[in-house]
Amino acid sequence: MLSVLDIFRVGIGPSSSHTVGPIRIANRFMAHLASSEKLSRTARIEAELQGSLALTGVGHATPKAVVLGLLGLDPETLDAEEADRLVAQAYEQKVLPLPDGRKMKFDPETDIRFAYDVMPDLHPNGLRIKAYDEGGEVIADETWYSTGGGFIATRKQLEKPVEDDILPVGDPVPFGFTSAAQLLELCQTNGLGIYEVILANEDAKRPREKTEAALDRIAAVMMACIDRGLMRKGELPGGLKVRRRAPEIWQKLQEGPPSNEREQLFDWLNVYAMAVNEENAAGGQVVTAPTNGAAGIIPSVIRHYCADTEDAPERMRKFLLTAGGIGLLYKQRASISGAEMGCQGEVGVACSMAAGGLAAVWGGTPQQVANAAEIGMEHNLGLTCDPVGGLVQIPCIERNAIGAVKAANAARLALHSLEQTKVSLDQVIETMRQTGLDMSSKYKETSQGGLAVNVIEC
């Protein structure tokens, strides 16, 4: 089974599918050239962005991502400022340093091609990379798909479906499941919480102290992202002239008198979520949760409800394990890609995950946790992905703020009942999948419909 550490990945903005995924694909391509002893024969490399990667690639910094991957950088470890310097150098000098010490001619302006007319059949985010020798002969030709949340896949992998009675191939785990119903049954049979089931599965992959250290790092990166976003002012890049608003809201909250107004809860959740997504829009370091476009919801809820308690590390781990387990269900049974599902697959899934995680921290039963996750998604069904100007700014930043508030409300509603909701978590996940398949491609991260065509770019 997949790990929750696959759901939560450290990377850079503005997009997990258009930035983090392409970095990993290009990096993998270069590794394959080296391992197959084709690198020494390589004289030219050409990348072709297909589908949504082409249509919104400029605003999502996909060409930059391809360059970073070809340079051999990894999204989890690269320094954002150093990455910008290296990319600028590649565009200026029009060369690509290779692992064998050579410098190959490479002009990102011409060697990264936008195939606007190609819409891949398996997934909308296609990236094809070719390597040529001195004579112009193709010596390597690979097509990969960036499937959301930083995940990447080959055609062979995407053509193999997951069935309810067949567990995914991978590390053997004590509690394998492919549905929420199976997960809840495991909890009931073994007297465990959802987070305990997930943690037991993680124990089968690595020592527990390593899992806990990884979860702590994920939480630390999330909190650091919030801190940066609360302090940094100015306009976001891209030409829309969107002003960072989180610092101003934060300052008002700090300077204003203590308030018992319940509405101020919205301000706290809003400011934390917006801080993260403004950092994401600026290309800063974020955690896919489960994607970059929805990266602010889970950190916001964690910051407000878990960070300032005596047992903060334990609360954060329980939250992330529970939310990650719910994210695994969406990844296995549907998709977390905005280009495939619309924003219901990003903000909707993040809201569902955050609602479940918060319900667990508040002491909810496994059934109440599943109810919270179901409520969080049910009221995001049909949410479109229509970024103005192809940038992860409008409506994405505010949408994360709304999603954080909605997640907290979903958790509260779930704790008021003990029985299963009329709609199960499995049913709402399947409904999201079907809705995404039925949704017009105009509303799935192509910037060809919705706000993207009805808002005049400034």
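A nonpolar core is here a set of buried Ala, Val, Leu, Ile, Met, Phe, Trp, Tyr and Cys residues joined through side-chain atoms within 4.5 Å, where buried means under 20% relative accessible area with a 1.4 Å probe and protein chains only. The model is predicted, so that local features need pLDDT of at least 70 and side-chain atom pairs count only at pLDDT 80 or more, while totals for chains, interfaces and linings use all residues. Residues are numbered from 1 along each chain as its sequence is written, and side-chain values use heavy atoms, with hydrogens and water left out.

The largest nonpolar core has 99 residues, and Phe-8, Met-222, Ile-298, Phe-319 and Tyr-330 are those with the most contacts inside it. Apart from it lies another core, of 34 residues, which includes Leu-33, Ala-65, Met-104 and Ile-152.

The structure also holds four cavities of 30 Å³ or more, a cavity being a set of points on a 1 Å grid over the protein atoms alone where a 1.4 Å probe fits but cannot get out, and its lining residues having an atom within 4 Å of a point. A volume is the space filled by probe spheres set on the points, which are joined across faces, edges and corners. The largest cavity has a volume of about 150 Å³, and of the 20 residues that line it, Gly-293, Glu-346, Cys-385, Val-392 and Cys-396 are the closest to its centre. Helix 18 gives the most to this lining, with three residues.

| Class in the lining of the largest cavity | Residues |
|---|---|
| Nonpolar (Ala, Val, Leu, Ile, Met, Phe, Trp, Tyr, Cys, Pro) | eight residues |

Technical notes: Buried < 20%, exposed > 50% of the residue type's maximum accessible area, 1.4 Å probe, protein only. 1 Å grid on protein atoms, 1.4 Å probe; cavity = no way out; pocket = protein on both sides within 12 Å on 5 of 7 lines; lining within 4 Å. Helix = DSSP H or I, 4+ residues; strand = E, 2+ residues; numbered from the N terminus.
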